[in-house]
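The sequence and the structure are shown first.

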Amino acid sequence: MNCHPTYCGMTATVTDAGEIHLSPNRNHPESKGFLCQRGHSVHEIIDHSARLLRPLQRNDRKGEWQPRNWDPLMDDLAKRLARPERVAIWMGHGAVVSDLNRPLLFHFAHTLGITVWDPAVVCWAAGAFGLAATGIVETNTKEDMAQHAECILLWGWNVVSQPTTGPYLMEAKKRGATLVAIDCRQSETAKIADEVLLIHPDTDAALALAMAHVLVRDGYVNRDFVEHWTTGYEEFAQSLHEYSPAWAAQVTGVPEPRIVELAR
Ligand code: SF4
């Protein structure tokens, strides 16, 4: 699931009878013996009665699924793949995070000329595109954050979906860092944050623009960094003029003074 950048370490033991036992690997350098409930339960998939062991097919969306034999089904699929303009592939999220299926499926689709969708969940894709568009793909590491960050914005981020980042946040917090959660609901992250800003759904950009407005207006910009590492700064700074904290307060529902204080 969303466990990137950590995949927890497990120790698997197989008994003489073929039973698999999983336990947390306490020697794993990252997860250090942690497994979430999903990790603890994953071995149940193997012998689960609902697990698919042979192909099923139905002729229309409301039809019953019927078991099929592999050979005729593969012939049928091969015939359909012969018309790649009528075929598309959507891979499941599990296939993506395994790091192996994703490139294989993309190669397969590209070899045949089939449309393939990147199923990256919206926060990953939008976040990565945003960072890449500004020239940065990794801004820091979680270790760096734990050791050095003074203020951490948990923007639309829920600690529950990335439990392995949690210990690094807590390390930063114990060191004195301030955690600010920005979301449109009280998620589990709100419980560990020093401050929670609840914004109206779909208004993140307004909040970000107003904070940028304050940074530019009040001179909090690191000019040296901007000159060495950015392009288009002056145009961007000028475009912020209309996005005042008063305007963003109307859009986001966050009072103007809190937007200003957050930016500062
Ligand atoms: S957090 Fe849970 S699901 Fe994610 S890698 Fe660890 S055990 Fe697996």
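Angles between axes under 35 degrees count as roughly parallel, those over 145 as roughly antiparallel, those from 65 to 115 as roughly perpendicular, and the rest as oblique. Axes are lines fitted to C-alpha atoms, for helices over the stretch in contact, and the angles run from 0 to 180 degrees between N-to-C directions. Helices (H or I, at least four residues) and strands (E, at least two) are DSSP runs numbered from the N terminus.

The model is predicted, with local features requiring pLDDT of at least 70 and side-chain atom pairs counted only at pLDDT 80 or more, while totals for chains, interfaces and linings use all residues. Residues are numbered from 1 along each chain as its sequence is written, and side-chain values use heavy atoms, with hydrogens and water left out.

An automatic or database domain assignment divides the protein into domain 1 (10-45) and domain 2 (125-263). The C-alpha centres of domain 1 and domain 2 are 36 Å apart.

**Helix packing**

| Helix pair | Axis angle | Axis distance |
|---|---|---|
| α8 and α11 | about 165 degrees | 9 Å |
| α8 and α12 | roughly 65 degrees | within 9 Å |
| α11 and α12 | roughly 115 degrees | within 8 Å |

Helix α8 and helix α11 pack at about 165 degrees and are therefore roughly antiparallel to each other. The crossing of α8 past α11 is left-handed; a crossing is so called if the near helix is turned anticlockwise from the far one by less than a right angle, and right-handed if clockwise. Contact (heavy atoms within 4.5 Å) involves A206, L207, A210, H213, V214 and R217 of α8 together with P245, W247, A248, V251 and T252 of α11.

Helix α8 (residues 204-217) also packs against α12, in a right-handed crossing. Here L207, A210, M211, V214, L215 and R217 of α8 meet I259, V260, L262 and A263 of α12.

Helix α11 (residues 245-252) and helix α12 (residues 256-263) cross at roughly 115 degrees, which makes α11 roughly perpendicular to α12. Their crossing is right-handed. On the α11 side the contact uses P245, A246, A248, A249 and T252, and on the α12 side E256, I259 and V260.

**The surroundings of H28**

H28 is located in the loop between β2 (20-24) and α1 (37-41). A polar atom of the H28 side chain lies 3.1 Å from the backbone nitrogen of S31. When neighbours within four places in sequence are set aside, H28 is in contact with Y7, C8 and G9.

Terms used: A polar contact is a pair of N or O atoms within 3.5 Å; within protein, one must be able to donate a hydrogen and the other to accept it, and residues adjacent in sequence count only if both atoms are side-chain atoms.
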